[in-house]
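Have the 3D view open as you read.

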Amino acid sequence: MRRTMLYLPGNNPNMLTRGYLFGSDGLILDLEDAVAMVEKDTARILVQHFLRQGEFGSCEVTVRINGVDTEYWKDDLAAVVPFPALQGIRAPKVDDAKTVKIIDEELSSIEEKNGIPLGRTKIFCLLETAKGIWNAYDIATASPRVAAIIPGGEDLTADLKTSRSSEGTELDWARRMLVFAARAAGVDPIDTVFPRVSDDAGLRKETEFIKQLGFEGKSVIHPNQIPIIHNVFNPTEQEIAKALKIVAAAKEAAERGQGAVSVDGRMVDIPVVKRAEYTLLKAGLSEVK
Amino acid sequence: MNTAQAGTLESMDCLVTVSEAAPGTGVKIQIAGSSASRFRTAMEKKAAEVIASMGVKDIELSIQDNGALDIVLGARIEAAVKRLIGGGR
């Protein structure tokens with residue numbers, strides 16, 4: 001599950017130590033925007049030590065590296081990829097499939113050198129420009145390592161030559177496009193951060209909107225945002241009860257050798273069963289399957 | 001004398017200052033700050049381990065601690081020494 005992926009500044013020992021305690025599904029140890037240029041070296045070493053010895057609970061651990069247009073990205077990858085705690089890297093400013101391929105090649109080379117199974121390190125692509133959004137499907141299918149694509153917030157807005165509004169009008173099309181591209185490619189669409197950290201109502205509204213669009217989860221910049229997003233993404237009691245009923249009916253039908261079955265007057269076929277199973281998975285009841 | 005620093009005085013961090021020392025003078029470690037009185041021995045041990053693992057024999061090291069865990073202390077010392085070797089900052 002990737003309902004919430006929390007950014008932790010890569011040069012902040014306090015957050016790196018306590019980050020996993022906030023209960024997000026994933027963590028992003030950030031070597032990019034959260035780290036000052038003059039501290040890139042110390043942040044990289046600190047993150048490396050945390051990957052070697054740190055505690056992350058059951059969180060999916062990723063590191064946001066610096067962009068391929070900087071002098072840092074190869075050193076970032078070399079420092080973090082060898083550690084089993086790392087599950088993926090979040091690559092900023094991915095504009096096209098070529099960028100993914102460049103990163104893929106570098107990852108393969110590091111994995112090979114370190115005796116790591118080829119392809120273990122996933123790539124989470126940040127699409128922060130109009131070009132990146134336009135190329136979303138090509139990016140998502142550029143490598144089997146791609147696990148998710150994420151629209152940019154501030155950078156994308158700047159590239160569109162507009163500004164962030166509370167309604168998010170400027171990101172509307174990009175978000176819809178990104179969900180289509182991700183789903184078509186079989187990767188997760190994960191939303192950008194909600195920047196107004198004290199606006200809980202605004203966060204809830206935006207999360208409800210992006211959930212309805214088809215997003216799998218959201219990037220998070222403040223721990224207080226996590227329970228609100230989980231609350232929106234978690235299935236309601238009613239949804240769980242319905243899903244349990246559908247899955248049980250489908251199981252029974254399968255045992256009797258029947259395909260479709262009716263539940264509460266509605267025909268239940270494979271897509272409905274799949275959705276119900278997914279609801280149970282999100283509710284932590286996947287063993288029902 | 002070349003000097004380099006890494007870390008901060010923020011909570012759970014430490015500021016490590018390292019200076020070149022004359023050959024044969026060995027490793028000198030100074031510790032001050034919130035955990036110094038309780039954890040001095042453990043911190044000195046960690047510092048000595050990191051320095052040794054980097055192949056450095058003669059160095060002066062000063063740690064201003066603000067509750068850094070072992071893992072943070074190790075990272076800050078490594079960063080400071082790398083900066084020193086790389087020309088300081």
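In this predicted model, helix H3 (residues 73–80) of chain A and helix H4 (residues 97–113) of chain A cross at roughly 35°, and their axes come within 10 Å. The crossing of H3(A) and H4(A) is right-handed. If you want to find the contact on screen, look on H3(A) for Lys74(A), Leu77(A) and Ala78(A), which meet Glu106(A), Leu107(A) and Ile110(A) of H4(A). Sorted by class, the residues of this contact are 4 nonpolar, no polar and 2 charged.

**Between the chains**

H2(A) passes H2(B) in a right-handed crossing. From H2(A), the residues taking part are Asp41(A), Thr42(A), Ile45(A), Leu46(A), His49(A), Phe50(A) and Gln53(A); in H2(B) they meet Ile71(B), Val72(B), Gly74(B), Ala75(B), Glu78(B), Ala79(B) and Lys82(B). By class, this contact holds 7 nonpolar, 4 polar and 3 charged residues.

How many residues of each chain are in contact across the whole interface? For chain A the count is 11, and these touch 14 residues of chain B. On the chain A side, the elements that give two or more residues are helix H1 (13–18) and helix H2 (40–53). H2(A) gives the most, with 7 residues. The chain A side as a whole divides into 4 nonpolar, 6 polar and 1 charged.

**The barrel of chain A**

Now turn to the strands of chain A. Eight of them close into a barrel in the order S1-S2-S3-S4-S5-S6-S7-S8, with parallel pairing. From one strand to the next, the twist averages 25°. Packing on this sheet is helix H10 (residues 225–233) of chain A, which touches S1 and strand S8 (217–220) of chain A; the direction of H10 makes about 175° with that of S8(A).

| Strand pair | Sense | Bridges |
|---|---|---|
| S1 (residues 4–9) and S2 (residues 26–30) of chain A | parallel | 5 bridges |
| S2 (residues 13–20) and S4 (residues 59–66) of chain B | antiparallel | 8 bridges |
| S3 (residues 27–33) and S4 of chain B | parallel | 7 bridges |

In chain B, then, S4(B) pairs with S2(B) in the antiparallel sense and with S3(B) in the parallel sense. Gln64(B) is the residue opposite Leu15(B), while Leu61(B) is the bridge partner of Ile29(B).

**Chain A as a whole**

Stepping back, chain A has 12 helices and 10 strands. Its radius of gyration is 20 Å, close to the 19 Å that the globule rule gives for 289 residues, so chain A is as compact as a globular protein of that length. Along the principal axes, its C-alpha atoms fill a box of roughly 65 × 45 × 35 Å.

Which domains does the assignment give for chain A? It lists domain 1 (4–233) and domain 2 (237–282). The C-alpha centres of these two domains lie 34 Å apart.

How values were computed. Residues are numbered from 1 along each chain as its sequence is written. Chains are lettered from A and ligands numbered from 1 in the order in which they are written. This is a predicted model: local features need pLDDT of at least 70, side-chain atom pairs count only at pLDDT 80 or more; totals for chains, interfaces and linings use all residues. Two residues are in contact if their C-beta atoms, placed from the backbone, lie within 7 Å. Helices (H or I, at least four residues) and strands (E, at least two) are DSSP runs, numbered from the N terminus. Ala, Val, Leu, Ile, Met, Phe, Trp, Tyr, Cys and Pro count as nonpolar, Asp, Glu, Lys and Arg as charged, and the others, Gly among them, as polar. A crossing is left-handed if the near helix is turned anticlockwise from the far one by less than a right angle, and right-handed if clockwise. Domain bounds come from an automatic or database domain assignment. Two strands pair if DSSP finds at least two bridges between them. Axes are lines fitted to C-alpha atoms, for helices over the stretch in contact, and angles run from 0 to 180 degrees between N-to-C directions. The radius of gyration is taken over C-alpha atoms; the globule rule is 2.2 Å times the number of residues to the power 0.38.
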